[in-house]
Amino acid sequence: QVQLVESGGGLVQAGGSLRLSCAASGRTFRSLHLGWFRQAPGKEREFVAAIRSDSSADYADSALGRFTISRDYAKNTVYLQLNSLKPEDTAVYYCTASDTLWPGITTWGRGSRAWNYWGQGTQVTVSS
């Protein structure tokens, strides 16, 4: 089992920044693939970013150039730096993890089926 605890959400004006954190426990952190999804009201959950156990990263088109995913092996934590935020980024952001073996496909983590652990979510609200 993997436990994920997110923090760092909040209210920010358009153009501002936030950093989301997700502390992982229960499995060897180094072996985990980690990611972030988000869900806006009335919409389906969507992929934002993923970082594999080898630290290679993948981003949704909406996140590319504005968001950065990173991981700290000493703190067993994955981060999502959100810059140049827009009102359409408003959503609940979920941290996710996978301890399964992934194929060597860069975009494998874009589907929710790739992941088997989820955090409780943290709200990000961007005002215009």
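Me: How many strands does the open sheet have, and in what order do they stand?

Reply: A strand here is a DSSP run of E with at least two residues, numbered from the N terminus. Two strands pair if DSSP finds at least two bridges between them. In this predicted model, the open sheet has four strands in the order S1-S3-S8-S7, and the pairing is antiparallel. Strand S1 (3-7) and strand S7 (67-72) are at the edges with a single partner strand each, so one side of each has no neighbour in the sheet. From one strand to the next the twist averages 15 degrees, where axes are lines fitted to C-alpha atoms and angles run from 0 to 180 degrees between N-to-C directions.

Me: Over how many bridges do S1 and strand S3 pair?

Reply: S1 and S3 (residues 18-25) pair over five bridges, in the antiparallel sense. As one case, Gln 3 has Ser 25 of S3 as its bridge partner.

Me: What should I know about the numbering and the model before going on?

Reply: Residues are numbered from 1 along each chain as its sequence is written. The model is predicted, so local features need pLDDT of at least 70 and side-chain atom pairs count only at pLDDT 80 or more, while totals for chains, interfaces and linings use all residues; side-chain values use heavy atoms, with hydrogens and water left out.

Me: Is strand S9 enclosed or open to the outside?

Reply: The word to know is buried, meaning under 20% relative accessible area; exposed is over 50%, and partly exposed is in between (1.4 Å probe, protein chains only). Seven of the eight residues of S9 are buried, so the rest of the structure largely encloses this strand.

Me: Which strands pair with S9?

Reply: Strand S4 (residues 33-39) pairs with S9 in the antiparallel sense over seven bridges, and there Leu 34 has Ala 97 of S9 as its bridge partner. Strand S11 (residues 122-127) is also antiparallel to S9, with three bridges; Val 92 stands opposite Gln 123 in S11. Strand S10 (residues 117-118) pairs with S9 in the antiparallel sense over two bridges, and Thr 96 has Trp 118 of S10 as its bridge partner.

Me: Where is Asp 89, and is Asp 89 buried or exposed?

Reply: Asp 89 is in the loop between strand S8 (77-82) and strand S9 (91-98). With a relative accessible area of 1%, Asp 89 is buried.

Me: What does the side chain of Asp 89 join in a polar contact?

Reply: A polar contact is a pair of N or O atoms within 3.5 Å; within protein, one must be able to donate a hydrogen and the other to accept it, and residues adjacent in sequence count only if both atoms are side-chain atoms. The side chains of Asp 89 and Arg 66 are joined by a polar contact of 2.7 Å. Contact in general means heavy atoms within 4.5 Å. Apart from neighbours within four places in sequence, Asp 89 is in contact with residues including Arg 38, Phe 67 and Val 124.

Me: How many residues does the largest nonpolar core have?

Reply: A nonpolar core is a set of buried Ala, Val, Leu, Ile, Met, Phe, Trp, Tyr and Cys residues joined through side-chain atoms within 4.5 Å. The largest one has 30 residues, and those with the most contacts inside it are Trp 36, Leu 80, Leu 82 and Tyr 93. S3, S4, strand S5 (46-51), S7, S8, S9 and S11 each supply at least two residues of this core. A second, separate core has seven residues, among them Phe 47 and Trp 115.

Me: How many aromatic pairs are there?

Reply: A pair of aromatic rings is described by the distance of the centres and the angle of the planes. Rings of Phe, Tyr and Trp (its six-membered ring) pair if their centres lie within 6.5 Å; planes under 30 degrees apart are stacked, over 60 edge-to-face, and the rest tilted. The structure holds five such pairs. In one of them, the rings of Phe 37 and Phe 47 have centres 5.6 Å apart and planes at 75 degrees, so the pair is edge-to-face.
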